[in-house]
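Dear colleague,

Please find below the structure that I am handing over to you. A short account of the findings follows it.

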Amino acid sequence: MKLLKHVLTVALVLASYTLAGCTPTVKIEPPDKPIVINLNVKIEHEIRIKVDKALDDLLTNQELF
């Protein structure tokens, strides 16, 4: 009976070592080539200025400038 317990214990230890050896490993390595990011960006803007009619007449006055 003691021999059977001893054999089972050794078998469990060997099985645990075998399973521990099969664990996956994760490696993080930098890429061989540099990372290139291409951005195609189109920027459009529109500025609208609303001017009061009296102020518009004042700005078109040649004597002012």
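Which residues make a nonpolar surface patch of about 650 Å²? The patch is made by I35, I37, L39, V41 and I43; patches take residues with over 30% relative accessible area and no salt bridge, joining nonpolar side chains (Val, Leu, Ile, Met, Phe, Trp, Tyr) within 5 Å and like charges within 9 Å.

This is a predicted model, in which local features need pLDDT of at least 70 and side-chain atom pairs pLDDT 80 or more, while totals for chains, interfaces and linings use all residues. Residues are numbered from 1 along each chain, and side-chain values use heavy atoms, without hydrogens and water.

The chain has two helices and zero strands (DSSP runs of H or I, at least four residues, and of E, at least two). I43 lies in the loop between helix 1 (2–21) and helix 2 (53–59). I43 is exposed, at 73% relative accessible area (exposed is over 50%, buried under 20%, partly exposed in between; 1.4 Å probe, protein chains only). Buried residues make up 0% of the 65 residues.

One salt bridge is counted (a Lys or Arg side-chain nitrogen within 4 Å of an Asp or Glu carboxyl oxygen). It joins K42 and E44 at 3.1 Å, N to O, and both residues are exposed.

Yours sincerely

Notes. Areas by Shrake-Rupley, 256 points an atom, 1.4 Å probe, with all protein chains shown as cover.
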